[in-house]
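Student: I have a two-chain model open and want a quick tour. Can you walk me through it?

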Amino acid sequence: MNDQEGNNPERPDGDVNKPEGEVAKVKRGLQALAGGWRKCDTTGMPVCLDSQFFIRVNAVFAVIFLLIGGIAAILLALTRWEAFNLLRTDMFYRVLTLHGLNMLIFWILFFEVAILYFASTTLLNAKLFSRKVGWVSLVLMVVGAVMVNWVIFAGQADVLKTSYLPLLAHPGFYLGIILVAVGTLVAVFNFFATLYTAKRDKTYEGSIPLVTFGAMAAAIIAVVTLLHGAVVMIPTFTYSMGWTGEPDPLWYRLIWWGLGHQSQQVNVAAMVAVWYMIATLSTGAKPINEAVSRGAFVLYILFINVASAHHLLVEPGMSSSWKIWNTGYVMYLAVLASMVHGFTIPASVEVAMRSKGHMAGIFGWLKALPWRNPAFSAALLSLIIFGFIGGITGVTLGTQQINIIAHNTLRIPGHFHATVVGGTTLAFMGVAYYVVPLFFRRDFVCRPLARIQPWIFAAGITLMSFGMSFAGSMGVARRTSDIAPAEEAYGAVVHFFLAMVGIGGVLAVLGLLVFVGLVVATVLFGPSNVGRPMKCWGTAVDLGSKGAVRKGKSGSYYTPGTVVLVGIFLTAFVVYYFANWRALADVWPVR
Amino acid sequence: MSLESPKEDWFEPPHGAEKIWIGIALAWCLVMFLMMPYWHLFGQQNTSGETFRVSPRDFEERVDEFVEANQVGELNGVPVVEPPPGGDAFLLGRMWEWYPVLKLRAGETYRIHLSALDLQHGFSLQPLNMNFRAIPGYDYVLTMTPQEPGEYTIVCNEFCGVGHHLMVGKLIVE
């Protein structure tokens, strides 16, 4: 392996010899923060202590909810694996409700709030706008999440995550979700207020960094998303209390998915920001074109607020033109954004590697990447799983007509486990390998185990996702405790794929438990790194000889490896997409 | 780097491979977007349907009238109903059965009225794997042309309570 080991500070290229002016700038920033800050022992960046506190607490709660969701996941995997069919029918749906809310809502939202606090303070030399607001947000979110879990455990909310009306849960379920949503909105307010005060006090020069920009995109989408949540959850809560009439079930679905699908786009934006961050930390990559990367984030903001339609393609009520326009993200412009990031991130890494002298052939730079750095491998695997499995399946299944052969089958969880688990969750795990040493100031215990953790998790989730997708292609329904009553229609081979779901699920949860175990053990018992840089995970080696990375008159970057990679991606995309049209043509004519 | 503020004049237009990729990606996005209207014009499988508002009780009554007028037999205690070829057929999802069993003729086109009585249900025709959604209060009219004769299974694929996995119905094509 080529990565540098030992106590080197995690300083990607360019930072080692900071020009004097920059040091002075940081000092000025530090003085401006008089009190309530510390200097990071690894990066030299100022760390706002209020912000550090809330990053820590939100990260801790995030991991607790991840653990609850993970334990639920293993029970579900062993139930859908028909050889075990572990849970009783009623328990299956209770545990499925528990799993969905803790994973998709609580783990992700708490972690995203931590990312927002980080991106708006440390990266901007700024202080958190308000500790009080931070507390209000935290208390609301924790009370709401505990309330929801309480109601589920009490058996009063066996309605799954989506709680489609006319299914009805205990009012505490809706109230808890409302509290979490309001608490998150308060945190988002704190984020924007921090951006504003940082700009006003000129704590940084020029534009905000790309990672902060990505976090801002996520925050803007979060506001739109959470407002949808309020619009749908408040009348449902008042209905469950008997104060108002029943909201229309189709209206509920339309608005609920304004919350449910868009919150996943918050995750996408946050995940992409994390990819950029880890690429920089582990290989020294710089965005090759700020305008393109930022433009892609703007496309997310503009075009993903119509995503609710992805869930309404085979239902009554909406016209076909409405379905096409909305499920197509207007003209797939949000998909374009992801495809742009899918180029710019590997390209920026390739440019960084070539400029360090790794010039051999098209893929010589791949070999020299810091493969043993768990943050890097997590981000890389996240990008591959999100793009190749999650992205391609998502766009295809969300096509108006193709949805006929996919809706509510296991193909759907096969898709979104690749986006939100293999993608977002894995990326967040990766960044935790920096968050814990830098904000809890302890180096990781059992570092060899940490280095393989992302690979275990990624292997499990990939296997499970494939199993779900194949079983779903054969018709197996999602959200079903036992397929025995419908077994004849599916055919015996689905048992093979459902076993894949079980094995993959168990393996993924094993990776999750290793992650949680490492984080908890490190936070409690890890060796302190106060006063010294964090122990390096390994960064790309600089061979010294600067390779030629720009070519031609326009000075465009030389990235042949990335060109080949995106070519493979597009080919896979096109083949999968048209194969599904082909499969659709085989079913009965319907209009 | 992505963690620092870029220099003031960071705007530059994309060039080289990046620019070409943006062009290709945009073209692919447009192809995917146009495939949907294309299939409406030239494809056979579309989800347009017609929708009528109907109270769940009224829909249940219509189903009962339909069964009374067209029943031809019984399968596992559920009436088997043969609608006139090219005519209207009614299918109701309720906890936890699909009612009634429809008997259709291959090659004939039917207007199948799909709705739910109590909760939302998922109409999943197996082993064909065609999926539509039944929502109480909405009469979703799918104009469908069965092809191969045989006995098909209708699975419910939307969670509808503890009996959800038992909600399995039949559809016969002759």
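Tutor: Start with pLDDT, the predictor's confidence in each residue, from 0 to 100. This is a predicted model: local features need pLDDT of at least 70, side-chain atom pairs count only at pLDDT 80 or more, while totals for chains, interfaces and linings use all residues. Residues are numbered from 1 along each chain as its sequence is written, and chains are lettered from A and ligands numbered from 1 in the order in which they are written.

Student: What does chain A average in pLDDT?

Tutor: Chain A averages 91, and 93% of the residues score at least 70.

Student: Where does pLDDT stay under 50 in chain A?

Tutor: Over residues 1–19. The model has 43 contacts beyond four places in sequence for that stretch. A contact means two C-beta atoms, placed from the backbone, within 7 Å. Where pLDDT is low, the predicted coordinates should not be read in detail.

Student: OK, the fold. How many helices and strands does chain A have?

Tutor: Chain A has 17 helices and four strands. Both are DSSP runs numbered from the N terminus: helices are H or I with at least four residues, strands are E with at least two.

Student: And why does its radius of gyration agree with a compact globule?

Tutor: Because a compact globule of 591 residues would have a radius near 25 Å, and chain A has 24 Å. The radius is taken over C-alpha atoms, and the globule rule is 2.2 Å times the number of residues to the power 0.38. The C-alpha trace of chain A spans about 70 × 55 × 45 Å along its principal axes.

Student: What share of chain A is buried?

Tutor: Buried residues are 61% of the 591. Buried means 20 or more other C-beta atoms within 10 Å of the residue's own; exposed means 12 or fewer, and partly exposed is in between, with C-beta atoms placed from the backbone.

Student: Is M277(A) buried or exposed?

Tutor: M277(A) counts as buried because it has 29 C-beta neighbours inside 10 Å. M277(A) sits in helix α7 (residues 249–283) of chain A. Beyond its neighbours within four places in sequence, M277(A) contacts V211(A), V431(A), S2(B) and L3(B).

Student: New topic. What is the strand order in the chain B sheet?

Tutor: The order is β2-β3-β6-β12-β11-β8-β9 (chain B), an open sheet of seven strands with mixed pairing. Strands pair if DSSP finds at least two bridges between them.

Student: Which strands stand at the edges?

Tutor: β2 (71–75) and β9 (130–134) of chain B. Each has a single partner strand, so one side of each is left without a neighbour in the sheet.

Student: How do β11 and β12 of chain B pair?

Tutor: Antiparallel, over six bridges, with β11 at residues 150–156 and β12 at residues 168–173 of chain B. T153(B) stands opposite K170(B) in β12(B), and Y152(B) opposite L171(B).

Student: And β6 of chain B with β12(B)?

Tutor: Those two run parallel, joined by three bridges. K103(B) has I172(B) in β12(B) as its bridge partner.
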